[in-house]
Amino acid sequence: MFEFAYKQTPCEEFARALASIYQNISRDNINALLYGVDELPQVSPLLCHSTHSEAAGLSIAHHPTLNNALLYKHAPYGGEHDHYDRLGFILTRNGKEILPDLGTTGYGAELHYGYYKNTATHNTLVVNQQNQSPIHPQLLGYTQTEDYTTIDAVVDWSQPEASVDSHTIVQWDKEAYQDVVFRRAFIWLDDIAIELNTILNPHNQQLDLTYHVRGEHLLQLENGAWKPITNPLSGALAQMTNTQLSEPNTAFTLHYEIEGQADFRQSIYTDSPVEVLSGNAPDNPATSDLAYSLIRSQQNALRTLVVHELSESTTYQVDELAWGESSIYFVLSSMKGDAHISCTRMMYDFKSAKLSTFERLSN
């Protein structure tokens with residue numbers, strides 16, 4: 001879009017938008033070839049900043065010094081040109097998209113409808129590997145303090161679905177999502193994003209909390225926790241390769257190799273045993289692959305806590321995790337090597353959609 005826009009109306013704003021797009025990827029794509037100018041001017045990229053818009057359904061938490069950012073999409077369904085990705089998110093570490101949004105390719109290309117537009121290729125909940133039916137999320141809470149930012153939203157497929165116009169192609173599965181309730185809250189601490197998911201699944205459908213990382217899996221196969229399997233997925237991720245399945249568990253630590261940066265780590269905690277499916281599927285452009293991880297469950301309810309570590313020098317661990325009826329309590333500890341740095345007690349209250357406890361403890 002910006003390639004075409006800049007060629008038709010060359011201006012600094014469009015040039016800076018393109019500079020932002022090409023910070024971490026090369027300009028060897030079909031849009032640049034068909035619609036762009038031969039050479040872009042040398043300008044500074046657009047600067048990110050924290051913002052929250054309930055009406056637009058977008059929240060960004062950003063740390064300007066670390067250049068880490070979270071973008072959380074709780075937007076109303078936007079029609080035919082929108083993607084089926086309610087409560088999806090993007091994570092950026094030191095200016096590089098670690099959990100990206102893939103956008104799409106040229107309309108008419110097989111991968112547009114066959115891959116990029118689908119729920120399964122976004123960082124969100126997928127049911128039965130089908131596309132989410134159109135729904136308008138509800139923002140439950142947003143709090144910003146000097147210490148943290150929290151953002152909480154829910155989609156409830158027991159409620160009436162969003163209306164669509166006659167030009168919208170029906171590519172979703174209403175029955176798969178019927179009565180599913182998906183709530184996702186984030187606690188943003190500048191160099192860490194803590195994700196809290198609560199899912200009601202009354203018809204015991206196949207749930208896949210999906211994450212795709214712009215990096216390579218570093219699975220530790222030697223301990224027997226993972227085994228190679230034939231790809232069990234249908235739909236957009238039927239083309240996933242190198243599929244590995246974990247043994248059922250309630251705690252996982254996933255590592256990814258990131259080009260030009262330190263390894264990226266996710267820690268996953270669940271209130272009931274789940275499996276994790278890993279594999280590789282196309283990035284955008286499709287000349288390289290992403291590392292996919294899917295948290296899989298068919299329980300009628302699932303709660304998860306996922307820690308996304310954005311620091312390249314500090315590691316974190318969760319202790320004293322306790323799932324309450326309407327809250328979650330845990331202690332977050334930070335380490336540099338073997339040295340303990342700090343720990344923070346937190347309790348998130350789902351009734352108020354706020355942190356009811358946030359206490360930094362002395363060493």
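Biologist: Before we look at this predicted model, what makes two strands count as a pair?

Modeller: Two strands pair if DSSP finds at least two bridges between them. Take β20 (residues 327–336) and β21 (residues 339–349): they share ten bridges in the antiparallel sense. The cut-off is at least two bridges, so β20 and β21, with ten, count as paired.

Biologist: Which residue of β21 is the bridge partner of Phe330?

Modeller: That is Met346.

Biologist: What sheet do these strands belong to, and what makes β19 and β22 its edge strands?

Modeller: It is an open sheet of four antiparallel strands, in the order β19-β20-β21-β22. Strands β19 (315–323) and β22 (354–361) each pair on one side only, and that makes them the edges. On average, neighbouring strands here are turned by 20° against each other, direction ignored.

Biologist: Let's move to charged side chains. Why is the contact between Arg360 and Asp147 called a salt bridge?

Modeller: The N to O distance is 3.9 Å. A salt bridge needs a side-chain nitrogen of Lys or Arg within 4 Å of a carboxyl oxygen of Asp or Glu, so this pair qualifies. Arg360 sits in strand β22 and Asp147 in the loop between β7 (138–144) and β8 (149–156), 213 residues apart.

Biologist: Where do Arg183 and Asp152 lie, and what makes them a salt bridge?

Modeller: Their side chains meet at 2.7 Å, N to O; the limit is 4 Å, so they pass. Arg183 is in strand β9 (residues 181–188) and Asp152 in strand β8, 31 residues apart. Both Arg183 and Asp152 are buried, which means each has under 20% relative accessible area.

Biologist: How do you know that Arg214 and Asp283 form a salt bridge?

Modeller: Their closest N and O atoms are 2.7 Å apart, so they too meet the 4 Å limit. Arg214 is in the loop between β11 (207–213) and β12 (216–217), while Asp283 is in the loop between β16 (264–282) and β17 (289–297). Arg214 and Asp283 are buried as well.

Biologist: How many salt bridges does the structure hold?

Modeller: There are 14. Elsewhere, Lys73, Asp82, Asp85 and Arg86 are linked in a network of salt bridges.

Key
Residues are numbered from 1 along each chain as its sequence is written. This is a predicted model: local features need pLDDT of at least 70, side-chain atom pairs count only at pLDDT 80 or more; totals for chains, interfaces and linings use all residues. Side-chain values use heavy atoms; hydrogens and water are left out. Helices (H or I, at least four residues) and strands (E, at least two) are DSSP runs, numbered from the N terminus. Axes are lines fitted to C-alpha atoms, for helices over the stretch in contact, and angles run from 0 to 180 degrees between N-to-C directions. Buried means under 20% relative accessible area, exposed over 50%, partly exposed in between (1.4 Å probe, protein chains only).
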